[in-house]
Every structure is written in structure tokens, then in C-alpha cells.
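Work through the exercises below with the sequence and the model at hand. Each task is followed by a solution in steps.

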Amino acid sequence: MNLISIEFFVFFILVVIIYFLLPGKLQWLWLLISSGFFYFKNANTDQCLVFLAILAVNYLGTMLLSKTEENKQKLVFNILLILDVLCLVCFKYSAFLIAIINKLLSLFGTALPIDFVVYFDSLAWDFAPPKISYFMLIIIGYVVDVYWGRVEALKNPGKFALLASYFPLMTSGPIIEYENVGDSLLGGSKHRFSYE
């Protein structure tokens, strides 16, 4: 769904109107449904499955992080962080990664086979969820905040999914911190329309 289109304009207007008509406890759910629709409209099935897998791993990881003994928290945190960074690097920066590996291999007079390079790059493009930089950096920031004890892990998987996939942020950013938007985005208090 192109941001400069009638389709997006109609979508956005409907989301806003319905949002302000709903009771406060349902407003976050409407935003989740709208964000899911927007995301899945812009991705293929494989990309959606990868996106959902990333959400599931991080949700379960932060739940585990909040329930794990202090001496094992660092291990859980490190595993989550490594998986998230690898995901971001492999999907978003695959060409850059391949160039670095080839530069290192050139020191030994060799390079990655061209078939592998083409296959890996096309695989990354086929499976890379759209807007991966935005949602991965939001998730990584949230995981760090949970590990440092700045915020408690979200028990509701839907609210976690909304934090990671809130559609206005997927269009142009910025990268948000949970503690700055958590209450206003995920809270149950009613947001009323204001011309201001």
C-alpha cells in the first residue's frame, strides 16, 4: 500500500474514525488489527511468516527474561540480542555482509562462489520482512529495556506485537522507546479526539 495513494488515505481515515469511536480498552486492539492489515498488505506470505516468527521469538524471550533467575538472565539476553542482530544483518545488510566476507577472503586469494552470493542475496530479498530496520530496532531497544529492568515485559502478546508493528512508525519512523510510548499506545485509557 503506497503512502501516496487514495487507498492509504481511505485506510488512514477509517482507522482514525473507528479508533476514536471505540472504548479505551479496545483502541489498542484496533491499532493492532490496523497495523497487521497494513503490514500484511505490504508483504508476501513468506515475509509475514518471518515477521511473525521474529515477534514470537522476542515475545517468548522477553517473557523468559523476566522470569529467569538473575544469573541466567545474561545468557537469555545475549541469545536474544545475537538472534536479533543476525536477523537484521542477514536480511537487511546481506550485500554488505557478503562484501565484507569477500574482502576478508581476498586476503587469502579466494572469494565466495558467485552462485552462493546470488542465492543468498535473493533468499534475503525473498524472505526479508518489509520495514525490518524499524521493527527490529524497536524490538532490540525493548529487549534491552526489559533486561536492564527499565520496563516490565509485556504479558500480552498482542500488545507486544503492536509495539513492534505500529503502522505509522513503519512508514517513516522514528525508532521509539517503549517507556516513551508504552502507556499512551498500549494503555487502556480512552483517547478522545481533539482538534489541537
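**Exercise 1: Salt bridges**

E7 and K41 form a salt bridge, with their closest N and O atoms 3.2 Å apart. The pair links distant parts of the chain, as E7 is in helix α1 and K41 in helix α2 (residues 24–41), 34 residues apart. The model is predicted: local features need pLDDT of at least 70, side-chain atom pairs count only at pLDDT 80 or more, and totals for chains, interfaces and linings use all residues. Residues are numbered from 1 along each chain as its sequence is written, and side-chain values use heavy atoms, with hydrogens and water left out.

Task: find how many salt bridges there are, and classify the accessibility of the residues involved.

Solution. 
1. A salt bridge is a side-chain nitrogen of Lys or Arg within 4 Å of a carboxyl oxygen of Asp or Glu. The count by this rule is two.
2. Besides E7 and K41, R150 pairs with D145 at 3.1 Å, N to O.
3. Buried means under 20% relative accessible area, exposed over 50%, and partly exposed in between (1.4 Å probe, protein chains only).
4. E7 is partly exposed because its relative accessibility is 40%, and K41 is partly exposed at 42%.
5. R150 is partly exposed at 41%, whereas D145 is buried at 4%.

**Exercise 2: The faces of helix α1**

Task: check the length of helix α1 and say which of its residues are buried.

Solution. 
1. Helices (H or I, at least four residues) are DSSP runs, numbered from the N terminus.
2. The expected span is 1.5 Å times one less than the number of residues.
3. The buried residues of α1 are F8, F11, V15 and Y19. Seen down the axis, they fall within an arc of 60°, so they line one face of the helix. The arc is that of the directions from the helix axis to the C-beta atoms.
4. The face turned away from this buried side carries the exposed residues I6, F9 and L21.
5. In general, an α-helix has 3.6 residues a turn, so residues three or four places apart point the same way.

**Exercise 3: Cysteines**

Task: determine how many disulfides the whole structure has.

Solution. 
1. A disulfide is a pair of cysteine sulfur atoms within 2.5 Å. The search finds zero.
2. For C87, the closest cysteine sulfur is in C90, 7.5 Å away and therefore too far for a bond.
3. C87 is buried at 16% relative accessible area, and C48 is buried at 9%.

Technical notes. Helices (H or I, at least four residues) and strands (E, at least two) are DSSP runs, numbered from the N terminus.
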